[in-house]
Amino acid sequence: MDLKQRTYLLVTGASRGIGREFAQQLARRIAAEGSVVTLLGRNQPLLEEAKAQIATTTPGLPVYTYSLELESAKTEDFAQILESSGGKKSFERAIVIHNAGTVGDTSKRAKEIGNTDYLQKYYHTNVFSAISLNCEFMRVFQGIPKLVVNLSTLAAIAPISSMAHYCTVKAAREMYFRVLATEESSKDTLVLNYAPGVIDTQMTVQVQREAHDPAVVAMFREQREAKTMLTTAQTTERFIKVLEALKFKSGDHVDYRDALI
Ligand SMILES: NC(=O)c1ccc[n+]([C@@H]2O[C@H](COP(=O)([O-])OP(=O)(O)OC[C@H]3O[C@@H](n4cnc5c(N)ncnc54)[C@H](OP(=O)(O)O)[C@@H]3O)[C@@H](O)[C@H]2O)c1
């Protein structure tokens, strides 16, 4: 895949962690002229910091930031963001990175997560918002080649103790993107479910601190202490190689460790 095109790029969860690094590295590769970058998150100061970082490496590239709470975001919020950040301009490709995500309450076992108020908010943040944003993205960029990336995980395809919340939303979200890939297979939409490996971010710090299963806590602690946990830069570089090599089929689940480059 040639990334150097006039691109509309939107990244959710771009204020920190993997999303911020994806935005930085992709911004450097898309065409400097005629492209637009849109960063979503809640923390506006961190979004501004991410924007300033892009401006130092790619001066002149327009970057829009929006503070949006995905726990309660509505279809109209996504439509408004896409349109006000240039969704009607002419681009050669539109890319959406569905990166924002939360690990949920890892202190509870699967038999203890039945609080529907919590579940509704958690699913809205991690599943409903991603689906809704994606539908608006597909509508606004109808007729333009599109790349749709979902930040997946091993937990979407394998059960992990302490992660009943997380495994279920990640499985649901990945299946949505697989159906999308199946339906849009003959068209102009390429879908990738990318599992980034285990990364040193606030998410893994939280799991290490809160998981009820001591084996899960130990697994994260050992990787952090041995410095075998990946950095956001490492996984983003691998992701870009996967895109450039283009050896995956639309809808595939590609893990950091897969040799698809
Ligand atoms: N870290 C790993 O080892 C790992 C492994 C596999 C998959 N992943 C996936 O990779 C993605 C990024 O993970 P990460 O480790 O980078 O996580 P992180 O450091 O915790 O960052 C999460 C991002 O999501 C945003 N976010 C969280 N809750 C939000 C909400 N309610 N509304 C709007 N934005 C929200 C955060 O921004 P604000 O705080 O500004 O809202 C932040 O930018 C997730 O989908 C995760 O499941 C991570």
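I'll start at the ligand. A polar side-chain atom of Tyr 166 sits 2.5 Å from one of the ligand's oxygen atoms. Taken as a whole, the protein covers 95% of the 880 Å² of accessible area that the ligand has on its own. Keep in mind that this is a predicted model.

Now the shell. How many residues surround the ligand? There are 30. The closest are Arg 42, Glu 69, Asn 99, Tyr 166 and Thr 201. By type, the shell divides into eleven nonpolar, 15 polar and four charged residues.

Which helices supply residues to this shell? Helix H1, residues 17-29, helix H5, residues 164-183, and helix H6, residues 202-210, each give at least two. H6 gives the most, with three residues.

Last, a look at another helix, H4, which covers residues 116-140. At the start of H4, a side-chain oxygen of Asn 115 comes within 2.9 Å of the backbone nitrogen of Asp 117. Further along, where does H4 bend? The bend is at His 124, and the angle is about 50 degrees.

To recap the ligand site: Arg 42 and Tyr 166 are both among the closest residues, and the shell holds 15 polar residues alongside eleven nonpolar and four charged ones. That's the end of my part.

Technical notes: Residues are numbered from 1 along each chain as its sequence is written. This is a predicted model: local features need pLDDT of at least 70, side-chain atom pairs count only at pLDDT 80 or more; totals for chains, interfaces and linings use all residues. Side-chain values use heavy atoms; hydrogens and water are left out. The bend at a residue is the angle between axes fitted to the seven residues ending there and the seven starting there. Helices (H or I, at least four residues) and strands (E, at least two) are DSSP runs, numbered from the N terminus. A polar contact is a pair of N or O atoms within 3.5 Å; within protein, one must be able to donate a hydrogen and the other to accept it, and residues adjacent in sequence count only if both atoms are side-chain atoms. A residue is near a molecule or strand if one of its heavy atoms lies within 4 Å of it. Accessible areas come from the Shrake-Rupley method with a 1.4 Å probe; for residues, only the protein chains shown count as cover. Ala, Val, Leu, Ile, Met, Phe, Trp, Tyr, Cys and Pro count as nonpolar, Asp, Glu, Lys and Arg as charged, and the others, Gly among them, as polar.
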